[in-house]
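Have the viewer open and follow along.

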Amino acid sequence: MVRVTIEKMGQNGDGVASVDGRHLHFPKVLPSEVVEIEDGKVTRVVSASPDRIEPFCPKFENCGGCALQHWREEPYAPWKRSLLERALEARGLHPAIEALIDAHGEGRRRVSLHVRQQAGQWVSGFMEQKSHKLCALETCPVLVPALRDAPLIAASFGPMLGNCDVAITLASNGLDVAVKAERNAVPRRIEPLKELFIRWKLLRLAINGNELMAVGQPFVTMGKARVHLPVQSFLQATQKGEEILARLVSEGLGKRKKLADLFCGVGPFALRLAETVAVHGFDSDRNAIAQLNNAVRHTQGIKPISAKVRDLYRAPLVVQELSEFDGLVIDPPRAGAEAQ
């Protein structure tokens, strides 16, 4: 057993300490803390940081879903800003960065949970940090109240579908559930799945990308538009976060005549921007583009929107095409947008 001092916070929210000339990362610790480590894991916090607070989730210490509930907001905020500053500085950019904006709102409106069997019981939750061991949850306090039963809903699919991942989204009109499972919804499983569908009052259930049953089409409101969601469609984690991002993008663009929205998805930016300016959207997701175009057809009081399927990784818009626009929105997925 060795005692070390946590020197700083790493970019992923792990504490960093020097051990035998190596920089090692440890979860759920804070800068200046003295900790005991054994077999590469923290076994005890010997001297706690004055910035340590009590996590609001009782499962925080084991669950890998959250990393920093134990850190006071005052030191957290400048650390979070520093991640952006360093990323930009590495590319020779030095813009002024304003204070963080709290966009939690009522909580996360979507969650993806792992379902596994433990001690003969089917449970769901997140993996422990840096582990393949599941931390079982009964509820999750970072979710919107309407998703308080999400872990129970997810776990109920285990007996029929085996190990699986269950994505649950709160749409404006109900719960949209998409299961990625090792087993398919063969005929003998349809009736039990229907019973779950009714018990949890789901709006739509999809198994391995295929819609199995639905009582309505899940939708969300974006500006003046009502947008139907493709199966397991991407949305910003919180409603408030989406609204704040859209407002900042609109303010940043100012007055324009013709915009391009790259990686537009189902239109969280395009549909709001089109209230004042024509927008041309591009994305490789055919289902997302189809639903964006459908929303445009059924929305009054907006400027023209054209949305096209285009793989911006293999066929990015070139300079001549971009010269048609006097404003540009680019919001790529986590993979980035190197080609574009």
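Let's settle one term before anything else: a residue is buried when its relative accessible area is under 20%, exposed when that area is over 50%, and partly exposed in between, using a 1.4 Å probe and protein chains only. What you're looking at is a predicted model, so local features need pLDDT of at least 70 and side-chain atom pairs count only at pLDDT 80 or more, while totals for chains, interfaces and linings use all residues. Residues are numbered from 1 along each chain as its sequence is written, and side-chain values use heavy atoms, with hydrogens and water left out.

Now zoom out. The protein chain has 340 residues, of which 41% count as buried. Its C-alpha atoms fill a box of roughly 65 × 60 × 35 Å along the principal axes. Helices (H or I, at least four residues) and strands (E, at least two) are DSSP runs numbered from the N terminus, and the chain comes to eight helices and 19 strands. For contacts (heavy atoms within 4.5 Å), take the pairs at least 6 apart in sequence: 53% of them join residues at least 24 apart.

Beyond four places away in sequence, glutamine 69 touches Ile53, Glu54, Pro55, Phe56, Cys57, Phe60 and Val142.

On a 1 Å grid over the protein atoms alone, a cavity is a set of points where a 1.4 Å probe fits but cannot get out, whereas a pocket is an open set with protein on both sides within 12 Å along at least five of seven lines; lining residues have an atom within 4 Å of a point. Grid points are joined across faces, edges and corners, and a volume is the space filled by probe spheres set on the points. There is one cavity of 30 Å³ or more. The largest cavity holds about 80 Å³, and its lining includes Gln69, Cys57, Phe60 and Val142.

Phe60 leads on to lysine 28, which lies over the face of phenylalanine 60 at 4.2 Å from the ring centre. For a charge to sit over a ring, NZ of Lys or CZ of Arg must be within 6 Å of the ring centre and within 35 degrees of the ring normal. Lysine 28 lies in the loop between E4 and strand E5 (34-38), and with a relative accessible area of 7% it is buried. Its phi is near 65°, a positive value in a residue other than glycine. Most residues other than glycine have a negative phi. Alanine 119 has a positive phi too, near 50°, but this residue, in the loop between strand E7 (110-118) and strand E8 (121-127), is exposed at 86% relative accessible area.

The second largest pocket has about 440 Å³ of space. It is lined by 16 residues, and those closest to its centre are Pro27, Lys41, Val42, Glu61 and Gln129. Strand E4 (22-26) and strand E6 (41-47) each give two or more residues to this lining, with E6 giving the most, at three.

Arginine 272, in helix H6 (residues 270-273), is buried at 18% relative accessibility. Its side chain makes a polar contact of 3.0 Å with that of glutamate 242. Outside four places in sequence, the contacts of arginine 272 include Thr221, Met222 and Gly223.

Finish at phenylalanine 282 in strand E17 (residues 278-283), buried with a relative accessible area of 9%. Phenylalanine 263 is 19 residues away in sequence, yet the two C-alpha atoms are 5.7 Å apart. Phe263 is also among the contacts of phenylalanine 282, as are Leu312, Leu317 and Phe325.

Key: Polar contact = N/O pair within 3.5 Å; in protein donor to acceptor, adjacent residues only side chain to side chain.
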